[in-house]
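Dear colleague,

Please find below the sequence and structure that I am handing over to you.

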Amino acid sequence: MGHTSGMWDQRFHKWPFRKVAELIRYKAALVGIAVVSVTEEYSSQTCSVCKEMPSKVNARKANRKHRGLYVCKDCGTVMNADINGAINIAKKYLVTFCERSQDRPVVDLGRPWMYRFNGSRFVA
Ligand SMILES: [Zn+2]
């Protein structure tokens, strides 16, 4: 995050990670949703467009986020850095926990657009 705006954001960033994870598990269990943990390793340094998976080999430290944007020097992609990281984490989830990741849809709850994972990237 390049900026801090308002009390809520500031308080949110001080939440202890483990406590947030516990709350998510607790709330999800109440409505029968399974929760799995995925390591965020290399997810913010790897380009989600031209690299298959976040990894030490694929991470580019030079592709640091600038004003909240991820800029890839390999393929020229410029995108919101948090979205790039989220796509990489979704890829890790699909490959690690889903046997047939190609058939597993990922739904963006904010806007009802569905993407399918073809093994290395999301396609609309
Ligand atoms: Zn790239």
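The notes below go from the chain as a whole to particular residues.

Please bear in mind that this is a predicted model, in which local features need pLDDT of at least 70, side-chain atom pairs count only at pLDDT 80 or more, and totals for chains, interfaces and linings use all residues. Residues are numbered from 1 along each chain as its sequence is written, and side-chain values use heavy atoms, with hydrogens and water left out.

Overall architecture

The chain has three helices and five strands; both kinds of element are DSSP runs numbered from the N terminus, helices being H or I with at least four residues and strands E with at least two. Read from the N terminus, their order is α-α-β-β-α-β-β-β. Of the 124 residues in the chain, 20% are buried, where buried means under 20% relative accessible area, exposed over 50%, and partly exposed in between (1.4 Å probe, protein chains only). The accessible surface of the chain is about 9500 Å², and carbon and sulfur atoms account for 57% of that surface; such areas come from the Shrake-Rupley method with a 1.4 Å probe, and for residues only the protein chains shown count as cover. Taking contacts (heavy atoms within 4.5 Å) between residues at least 6 apart in sequence, 41% join residues at least 24 apart.

The salt-bridge network

The structure holds two salt bridges, each defined as a side-chain nitrogen of Lys or Arg within 4 Å of a carboxyl oxygen of Asp or Glu. Side chains of opposite charge can pair when their charged atoms come close. One of the bridges joins K51 and D74, at 2.8 Å from N to O. K51 lies in the loop between α2 and β1, while D74 lies in the loop between β1 and β2 (78-80), so this pair ties together parts that are 23 residues apart in sequence. R60 also forms a salt bridge with D74, with the closest N and O atoms 3.1 Å apart. This pair likewise links distant parts of the chain, 14 residues apart, with R60 in the loop between α2 and β1. Through shared partners, K51, R60 and D74 form one network. K51 is buried, at a relative accessible area of 12%, whereas R60 is partly exposed at 30% and D74 is partly exposed at 45%.

The surroundings of N88

N88 belongs to helix α3 (residues 81-97) and counts as buried because its relative accessibility is 0%. Its side chain reaches the backbone oxygen of S43 at 2.8 Å and the backbone oxygen of T46, also at 2.8 Å. Leaving aside neighbours within four places in sequence, N88 is in contact with S43, T46, C47, S48 and P54. S48 sits in the loop between α2 and β1 (69-71) and is buried at 4% relative accessibility. Beyond four places in sequence, S48 touches M79, N84, I87, N88 and K91.

Cysteines and surface

Zero disulfides (cysteine sulfur atoms within 2.5 Å) are found in a search of the whole structure. C72 is buried at 3% relative accessible area, and C75 is partly exposed at 37%. On the surface, W15, L23, Y26, L30, V31 and I33 form a nonpolar patch with about 650 Å² of accessible area together. Patches are made of residues with over 30% relative accessible area and no salt bridge, like charges being joined within 9 Å and nonpolar side chains (Val, Leu, Ile, Met, Phe, Trp, Tyr) within 5 Å. Y26, one of the patch residues, is found in helix α2 (residues 17-30).

Yours sincerely

Notes: A polar contact is a pair of N or O atoms within 3.5 Å; within protein, one must be able to donate a hydrogen and the other to accept it, and residues adjacent in sequence count only if both atoms are side-chain atoms.
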